[in-house]
Amino acid sequence: MDILSVNPLLTLLPVSHKNLASILDKEPSEEKKPIIPSENILILIWRHPKNDRLHIREAGDTDLLALKIVIEQIEIRDAAAAGGATMGFIDSVLKKAISQGIILSPKSLIHRGNALSPHGSSKLEEFRSADTFTLQWHITQACDLHCKHCYDRSNRAPLPFHIAVNILDDFYNFCHQMHVEGQVTFTGGNPLLYPDFLNIYRETSNRGFGTAILGNPSPIDQIKELVKIQMPSHFQISLEGLEQHNDMIRGKGHFQRSLYFLSQLRDMGIYTMVMLTLTRDNIDQVLPLADLLRNRADFFTFNRLSTVGEGARLLMAEPGEFQSFLKEYEIESHQNPVLGLKDNLINIVRNQNGLDLFGGCTGYGCGAAFNFVALLADGEVHACRKFPSPIGNILESRLKDIYQSELAHKYRKGSTDCKDCTLNIVCRGCLAIAYSRGLDVFKNKDPFCFRSSVTKKA
C-alpha cells in the first residue's frame, strides 16, 4: 500500500435517528442522549487495525471529509483550495482519521534495514523506522552572539522569502512521498533575525509541519507572535557551563539573560531545552548546571565539541575522562528529571548495566541523513551540521533526490567499524567526533567509543 486507503473493516450505516450510536456501542456511557428523528445521519462502525477494538459513533464532518478525500483521491492542495483552508488543516483531518483507524496510512519509507538488534531482541524494532523527518533549517547566519566554539561564521547569504516558500513546498512533497510527518526546526545563527521569519514560520504552520526553534534569548513579544501562529514543540537555547565560564564563551551577561528568558518561555507554556557543548574545560560543570536548571528548564543535555570552525581553538575532553563522566551522568539522570539522554555512547553504559537502550542522538542513533538533514542558509544540504558533510543543494535538486543519493546513503549507513555491533541501531557513535580526530567517517568508529567488543553476525 503506497497511498492512503479506507479501513476495509469500516462500515458507514445510514440511519433516521440521531444518537442511535450510543445504543449500539457496547462501551458504557456516563450519559445516554435521547433518540430523536433526524435526516442524513451516518454511523461509523469499524475495528481499529492496531488493537482490533470495535468503535461505533456518528460520523462528523471531518470524518466524512477525510473519507471523501481518500475515496476520491483528491490532492491535499486541491482539497485545501476548494474549502478555503490551509494544507495543514487538511493534513490534521487526515492524521486524526489515521490515528482513529478510520483511514490506513502507508508505512514510513524512512527505514533502516541493515542494522542488528542486540541479541536478536525485538525491543529495538521501533528504532528501525522513523515516522517524522526533521528539516533542521539554518535559515540565516546572522547572530547576535559570537561564541568561541561556533561551527560556521562564513558569510552565507540567506535565501529570499519566495525561494524559502518553494523549499517548504519541496519538503511537503518529500514528506508525503516518504509517508512521514514533517518537522521544521529553525536555527541559525539566530533564526529570529531572518528578515521574514514571522512569515516563513506562518507558511510552515500552514503546511501542517511541526515547528521548533534553536536560538538565543529573544524579545518575548516576538515569541508571543510566533505562538499566535503555532506553538513550537520546543525552544532550545545554549549554556556552556556555570555563569563565569558560560559568559566567557557566549558573552557577558548571557547567563542571566538566559535564565530569565527560560522563565518567560515556561510562563507561556513553551517546552524549554538547554544544550551544552562539552569541552575539556566545562565537563566538571555539567552536573552542577543541571542542578541549577531544575525547575528552570524542561530538558538539559550536551553535545560533544566538534573541532570545526572556531571550535578548533577549544579542547575536547579526554576519552577516559569522558567515559567516567558518562557513567556519572547516566546515574544522575535517574535523580534529576531535567537531565536528558542524547549522546549515543550512553547506550554502552546502559547496556553494561542491563538497562533498556534509548534512541540516542536523534531518536534513532546517529540520524545523519536518516531522519533529518541540515539545510544551510544558502541552500546547501548537509548530513549533519556539526561537521562538513554536504550531500547536495536544494536549489539544484529535489530533497528526495538528495536524500536518496549514494552519498546520503553512505552517511546514514555509518562507519564500517560499527556495522556488526549489536548496538548499531541506536548508536553508531558520532561522525562529527570521528571527523574532528581526522578519521574517515565512513570507515572508522567514534574514537571515544569504549565498548570492548561487538557481537558479530552469525
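**Sheet, pocket and cysteines**

Strand 2 and strand 3 (residues 36–47) run antiparallel and are joined by 7 bridges. This is a predicted model, in which local features need pLDDT of at least 70, side-chain atom pairs count only at pLDDT 80 or more, and totals for chains, interfaces and linings use all residues. Residues are numbered from 1 along each chain as its sequence is written, and side-chain values use heavy atoms, with hydrogens and water left out.

**Sheet**
- Val15 stands opposite Ile41 in strand 3.

**Second largest pocket**
- Its volume is about 1400 Å³, the space filled by probe spheres set on the points.
- A pocket is an open set of points on a 1 Å grid where a 1.4 Å probe fits, with protein on both sides within 12 Å along at least five of seven lines; lining residues have an atom within 4 Å of a point.
- Of the 40 lining residues, Leu4, Ile98, Ser105, Pro106 and His179 are the closest to the centre.

**Cysteines**
- The count is 0 disulfides (a disulfide is a pair of cysteine sulfur atoms within 2.5 Å).
- Cys147 is in no disulfide; the nearest cysteine sulfur, that of Cys143, is 6.1 Å away.
- Cys147 is buried at 9% relative accessibility (buried means under 20% relative accessible area, with a 1.4 Å probe and protein chains only).

Note on methods
Two strands pair if DSSP finds at least two bridges between them. Helices (H or I, at least four residues) and strands (E, at least two) are DSSP runs, numbered from the N terminus. Buried means under 20% relative accessible area, exposed over 50%, partly exposed in between (1.4 Å probe, protein chains only).
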